[in-house]
Amino acid sequence: MNAGHTQGEGNTTTRNPNAPDVSPSYKNNWKYKTCSDHTYCLGAGTTKVVEDILEALSEEQLVTKYYTLTPDCLTVKEEYAWDGASGPTIDTRTSMRASLIHDALYQVCRTSESDMGPANWRRLRKAADWEFRRILKEDGMFLLRRWVWWGAVRGLGGPAARGTPYAFGCPAR
């Protein structure tokens with residue numbers, strides 16, 4: 001099967017060629033996991049933020065068992081698990097890659113907040129939200145839905161980026 005198609009029962013349907021190769025993963029409340037490494041080239045604004053953060057951390061790159069972050073790219077490693085789009089919505093071909101990259105960048109925020117300082121944490125969170133919106137556009141999400149989703153992550157994403165429980169009772173992961 002090539003990367004641009006998925007096989008149904010006797011038919012072929014086109015899928016987003018940029019979408020990560022994923023499989024369902026219902027273990028520990030995660031809906032998806034990557035089947036291979038997925039590298040995403042960061043936008044110019046995010047690259048500058050990441051360079052500043054790596055400099056503040058005295059690192060050339062951040063490497064964990066889940067991701068590798070360099071000034072230019074984020075590589076989400078094989079078997080990285082995430083929950084897809086959050087909130088009262090459904091996951092679609094236009095949201096999968098954005099939710100993966102956004103969740104991984106928020107994980108960088110959570111794991112490095114105390115080391116990078118509050119100003120850099122705010123800059124990285126904002127950059128992650130802009131990357132989210134940019135990927136939604138690249139992957140074809142229509143304008144109104146894209147703006148609503150971006151507004152939701154900007155307005156409500158702080159606790160997720162900090163790893164603190166949400167005010168309305170949902171546990172942080």
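## How α1 meets α3

In this predicted model, helix α1 passes α3 in a left-handed crossing. The axes of the two helices, α1 and α3, come within 9 Å and cross at roughly 150°. An angle over 145 degrees counts as roughly antiparallel, so α1 is roughly antiparallel to α3.

Which residues make the contact between α1 and α3? From α1 come Thr 46, Lys 48, Val 49, Val 50, Asp 52, Ile 53 and Ala 56. Facing them from α3 are Asn 120, Arg 123, Leu 124, Ala 127 and Glu 131. By type, the residues of the contact of α1 with α3 divide into six nonpolar, two polar and four charged.

## A closer look at Thr 46

Thr 46 is worth a stop on the tour. Its place is in helix α1, which covers residues 44–56. Is Thr 46 buried or exposed? Its relative accessible area is 4%, and buried means under 20%, so Thr 46 is buried.

Leaving aside neighbours within four places in sequence, Thr 46 is in contact with Ala 127 and Glu 131. Ala 127 and Glu 131 are both on the α3 side of the helix contact described above.

## The nonpolar core

Now for the core. The largest nonpolar core has 39 residues, and those with the most contacts inside it are Leu 62, Leu 69, Leu 74, Val 76, Ile 101 and Leu 124. At least two residues of this core are supplied by each of α1, β7 (67–69), β8 (73–76), α2 (96–116), α3 (118–138), α4 (143–156) and α5 (158–162). The largest share, ten residues, comes from α2. In soluble globular proteins, nonpolar side chains tend to be buried together.

Not counting residues up to four places away in sequence, Leu 62 touches Leu 54, Leu 57, Tyr 67, Thr 68, Leu 69, Val 108 and Ser 112. Leu 69, one of these partners, is also among the core residues with the most contacts.

## The chain as a whole

Stepping back, the chain has five helices and nine strands. From the N terminus on, its elements run β-β-β-β-β-α-β-β-β-β-α-α-α-α.

How many residues does the chain have, and what percentage of them count as buried? There are 173 residues, of which 43% count as buried. Among the contacts in the chain with a separation of 6 or more, 60% are between residues 24 or more positions apart.

How values were computed:
Residues are numbered from 1 along each chain as its sequence is written. This is a predicted model: local features need pLDDT of at least 70, side-chain atom pairs count only at pLDDT 80 or more; totals for chains, interfaces and linings use all residues. Side-chain values use heavy atoms; hydrogens and water are left out. Helices (H or I, at least four residues) and strands (E, at least two) are DSSP runs, numbered from the N terminus. Buried means under 20% relative accessible area, exposed over 50%, partly exposed in between (1.4 Å probe, protein chains only). Contact means heavy atoms within 4.5 Å. A nonpolar core is a set of buried Ala, Val, Leu, Ile, Met, Phe, Trp, Tyr and Cys residues joined through side-chain atoms within 4.5 Å. Axes are lines fitted to C-alpha atoms, for helices over the stretch in contact, and angles run from 0 to 180 degrees between N-to-C directions. Angles under 35 degrees count as roughly parallel, over 145 as roughly antiparallel, 65 to 115 as roughly perpendicular and the rest as oblique. A crossing is left-handed if the near helix is turned anticlockwise from the far one by less than a right angle, and right-handed if clockwise. Ala, Val, Leu, Ile, Met, Phe, Trp, Tyr, Cys and Pro count as nonpolar, Asp, Glu, Lys and Arg as charged, and the others, Gly among them, as polar.
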